[in-house]
Amino acid sequence: TLIELLVVIAIIGILSSVVLTSLNSARKKARDARRQSDISQIGLAMEMYYDDNGAKYLSVAAMPTKIDPTNGVYLNSVPTDPGPNTYIWLDNTSDSTAQSYCLYATLEVQTVTEKYVAASQKGVGKTLATPTLASCW
């Protein structure tokens with residue numbers, strides 16, 4: 001009976017390791033889905049601000065203060081990356097308004113280094129290169 005008990009414990013250990021591995025992959029995919037959703041929502045907020053404010057986008061410096069609930073209705077709160085990374089914001093000015101912007105997040109589940117991008121000129125989608133101001137426009 002001792003051998004049977006050891007066999008059962010070994011089987012339970014193997015099954016639990018398979019389940020934990022599967023859950024880790026599912027968590028990464030869920031975080032990537034949230035990143036894509038956040039980037040899309042921020043892109044929509046930027047376009048609504050653009051339409052309402054004389055064809056100007058928010059700059060990186062002004063973004064967190066203009067779309068939060070106390071200052072605007074474009075987003076209820078500024079989303080943050082669900083993992084250890086941060087969303088990267090680029091624009092072409094350093095003042096409070098910009099003519100274009102680029103926002104991206106690094107995805108976890110990927111075959112190559114992949115970024116999920118929202119940009120004023122190219123809409124929302126994926127690119128395989130690290131986005132820069134030049135590649136976003």
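The side chains of E108 and R31 meet in a salt bridge, with N and O 2.6 Å apart. A salt bridge here is a side-chain nitrogen of Lys or Arg within 4 Å of a carboxyl oxygen of Asp or Glu. E108 lies in the loop between β4 and β5 and R31 in helix α1, so the pair ties together parts that are 77 residues apart in sequence. This is a predicted model, in which local features need pLDDT of at least 70 and side-chain atom pairs count only at pLDDT 80 or more, while totals for chains, interfaces and linings use all residues. Residues are numbered from 1 along each chain as its sequence is written, and side-chain values use heavy atoms, with hydrogens and water left out.

## The salt-bridge network

A search of the whole structure finds 5 salt bridges. Three of them are listed here.

| Pair | N to O distance | Placement |
|---|---|---|
| E108 and R31 | 2.6 Å | β4–β5 loop and helix α1, 77 residues apart |
| E108 and R35 | 3.0 Å | β4–β5 loop and helix α1, 73 residues apart |
| D32 and R35 | 3.0 Å | both in helix α1, 3 residues apart |

The salt bridge between E108 and R35 links distant parts of the chain. Salt bridges that share partners join R31, D32, R35, D81 and E108 into one network.

Buried means under 20% relative accessible area, exposed means over 50%, and partly exposed is in between, with a 1.4 Å probe and protein chains only. E108 counts as partly exposed at 25% relative accessibility, and R31 counts as partly exposed at 24%. R35 is buried, with a relative accessible area of 0%, and D32 is buried as well. D32 and R35 are separated by about one helical turn, because they are 3 residues apart in helix α1. An α-helix has 3.6 residues a turn, so residues three or four places apart point the same way.

## Overall layout and helix α1

The protein chain has 3 helices and 6 strands. Helices (H or I, at least four residues) and strands (E, at least two) are DSSP runs, numbered from the N terminus. In that direction the elements run α-β-α-β-β-β-β-β-α. Of the 137 residues of the protein chain, 29% count as buried.

Helix α1 covers residues 2–52. Its 51 residues reach 74 Å from the first C-alpha to the last, close to the 75 Å expected at 1.5 Å a residue. The expected span is 1.5 Å times one less than the number of residues in the helix. The buried residues of α1 are D32, R35, D38, I39, I42, G43, A45, M46 and Y49. Just after α1, G54 takes a positive phi of about 65°.

L2 lies in α1 and is exposed, with a relative accessible area of 59%. L2, L5, L6 and I9 form a nonpolar patch on the surface, with about 420 Å² of accessible area together. Patches are made of residues with over 30% relative accessible area and no salt bridge; like charges are joined within 9 Å, and nonpolar side chains (Val, Leu, Ile, Met, Phe, Trp, Tyr) within 5 Å. Accessible areas come from the Shrake-Rupley method with a 1.4 Å probe, and for residues only the protein chains shown count as cover.

## The nonpolar core

The largest nonpolar core has 16 residues, and those with the most contacts inside it are I39, I42, M46, Y87 and L103. The elements that give two or more residues to this core are α1, β1 (57–58), β4 and β5. Helix α1 gives the most, with 5 residues. A nonpolar core is a set of buried Ala, Val, Leu, Ile, Met, Phe, Trp, Tyr and Cys residues joined through side-chain atoms within 4.5 Å.

## Strands β4 and β5

Strand β4 (residues 101–106) is mostly covered, with 5 of its 6 residues buried. β4 and strand β5 (residues 115–119) pair in the antiparallel sense over 5 bridges. Two strands pair if DSSP finds at least two bridges between them. A105 stands opposite Y116 in β5, and T106 stands opposite K115 in β5.

In β5, 5 of its 5 residues are buried. K115, V117 and A119 point one way from β5, and Y116 and A118 point the other way. In a regular strand the side chains alternate between the two faces of the sheet.

S120 is in the loop between β5 and β6 (123–127) and is buried, with a relative accessible area of 14%. S120 and Q99 are 21 residues apart in sequence and 8.4 Å apart in space, C-alpha to C-alpha.
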